Amino acid sequence: MIGNFFPLILYIGLIIVFSLIKFPAIENKTLNFFKAFFPSWKFFDESVNTPVLLIRTQNNETLSDWQVAYPPPKTKWFHFLLNPQGNFYLAFHSHIQQLLGELTLCDEDETKSFHKLVTYKTTVNFARFKVLQLSAEAEYFQFKISNIEYIDNFNFQVLDDILISPLTEINE
Amino acid sequence: MNSAMAIQFIQSIIGGALLIQTIEYLLLQSSFSEKGIWRWSTIRNDFYYLQKPFQQGLNFFLQETIFVTFLWMKIIFIGLFITTFSFVPHMLLSWLILFSTFLVSQRFRGSFNGGSDYMTLIVILALCIESLAPDHLLARPILWIISLQSVTSYFMAGLVKIKRSDWRTGEALVVFIHSPNYAPPLIIKNLLKHKYLAFIVSWLIILFELSFPFILFQHKSIFVLCWLILGLLFHLNNVFNFGLNRFLFVWLSTYPALYYCTVR
């Protein structure tokens with residue numbers, strides 16, 4: 001009986017052993033290109049809150065208040081079938097995690113040229129995209145990545161700022 | 001259920017999942033336009049290390065206009081893939097879908113939706129390999145590969161949770177539910193304010209995920225079906241609390257393989 005299940009027991013044992021080993025990140029870019037075929041399946045392994053993207057605009061020298069660029073969308077019953085906004089939000093969420101990961105790995109020299117990275121440029125695009133949806137008159141915008149805490153359904157307080165962008169022209 | 005039937009089921013469900021994913025991308029078209037977020041003119045810098053012909057290939061397929069056309073074509077491929085009466089050879093369709101799904105994931109810097117994109121690619125790759133041999137000769141090992149990927153995904157997710165003290169106390173679940181990053185229904189938020197309830201739910205999740213591989217030790221269909229229904233409920237819960245609809249269909253596509261490998 002046990003003999004029949006031996007390969008399965010061995011497989012589960014190997015998963016446990018491999019999960020205890022900390023493997024170094026793959027540096028090879030070409031291998032990374034195919035990383036989608038080798039998932040780690042470590043879902044929700046971090047309990048810390050992901051910081052949020054806050055944006056504000058400037059028009060006629062007046063700065064608006066900071067606001068959460070992409071609040072999580074409410075899930076409706078039909079979203080089990082089609083949920084483009086929900087998935088857009090999840091992609092945004094992963095992007096912020098990637099940005100923070102890259103920021104953490106940066107040394108001093110790399111931090112100076114951080115604005116040249118694809119991840120940073122994409123974050124600027126996230127902010128600009130939202131600003132354009134919210135305000136057609138805005139001339140400049142600024143964004144920051146911050147940890148926040150909601151006081152009630154609409155108001156929040158900033159706990160700390162991780163990254164603050166310079167004021168950027170809305171028209172590229 | 002025989003192996004051919006299991007493959008057919010997987011094909012239909014993963015086809016449906018791909019159809020949903022592709023329609024969602026088309027609905028988000030403005031976000032990957034040159035005035036949007038994932039601009040190809042920016043993203044393509046990620047692939048500087050590839051050889052020139054590969055870079056040129058990506059530039060061709062993934063620039064805005066071609067990419068949208070490509071998504072529409074993908075819908076046609078999927079339509080033909082799902083229907084059994086197709087004038088295009090099934091093997092060719094499978095590989096075309098694998099190629100297009102891989103390219104779409106690269107368009108979004110590796111993946112758009114993390115785990116669900118990875119499982120989608122793995123299931124399609126398995127179906128592609130299966131299609132290479134005549135008369136479903138490779139069906140059995142392929143169904144086992146899909147099953148093992150499926151149980152590994154649950155087991156690993158449970159393993160990383162049980163290793164963390166905040167998951168064992170239920171604290172992590174409370175943090176997730178109340179974080180500004182998710183908007184679960186208010187009733188769930190209020191219920192999980194009770195620490196003992198968060199503790200119970202947290203352990204139910206961990207135990208469910210860790211016990212999933214044991215489905216492979218079962219041969220009674222009633223037990224297997226019960227476990228798969230639990231899996232379905234688990235994914236539905238993730239849809240309504242975290243908006244993870246893509247996971248639901250992609251993981252469902254692995255269930256016929258699990259059923260075949262256990263109850264057969």
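Colleague: What does B:Glu24 touch, leaving out residues up to four places away in sequence?
Modeller: This is a predicted model. In it, B:Glu24 touches A:Leu81, A:Leu82, A:Asn83, A:Pro84 and A:Asn87 of chain A, together with B:Asn245 and B:Arg246 of chain B.

Colleague: Where is B:Glu24 found?
Modeller: B:Glu24 is in helix 1 of chain B, which covers residues 3-27.

Colleague: Is B:Glu24 buried or exposed?
Modeller: The relative accessible area of B:Glu24 is 0%, so B:Glu24 counts as buried, the cut-off being under 20%.

Colleague: Turning to the whole interface, how many residues does the contact take from each chain?
Modeller: Chain A gives 63 residues to the contact and chain B gives 72 residues. The area buried between chain A and chain B is about 6,200 Å², and carbon and sulfur atoms give 69% of that area.

Colleague: How many salt bridges are counted between chain A and chain B?
Modeller: The count is zero. For polar contact, the rule finds 11 residue pairs across the interface of chain A and chain B, with both residues at pLDDT 80 or more.

Colleague: Which helix of chain A gives the most to the side that touches chain B?
Modeller: Helix 3 of chain A gives the most, with 11 residues.

Colleague: And what is the make-up of that side of chain A by residue type?
Modeller: The residues on the side of chain A that touches chain B comprise 35 nonpolar, 17 polar and 11 charged.

How values were computed
Residues numbered from 1 in each chain as written. Chains lettered and ligands numbered in written order. Predicted model: local features only at pLDDT ≥ 70, side-chain atom pairs only at ≥ 80, totals over all residues. Heavy atoms only, no water. Contact = heavy atoms within 4.5 Å. Buried area = accessible area lost by both parts, 1.4 Å probe. Salt bridge = Lys/Arg side-chain N within 4 Å of Asp/Glu carboxyl O. Polar contact = N/O pair within 3.5 Å; in protein donor to acceptor, adjacent residues only side chain to side chain. Helix = DSSP H or I, 4+ residues; strand = E, 2+ residues; numbered from the N terminus. Nonpolar A, V, L, I, M, F, W, Y, C, P; charged D, E, K, R; others polar. Buried < 20%, exposed > 50% of the residue type's maximum accessible area, 1.4 Å probe, protein only.
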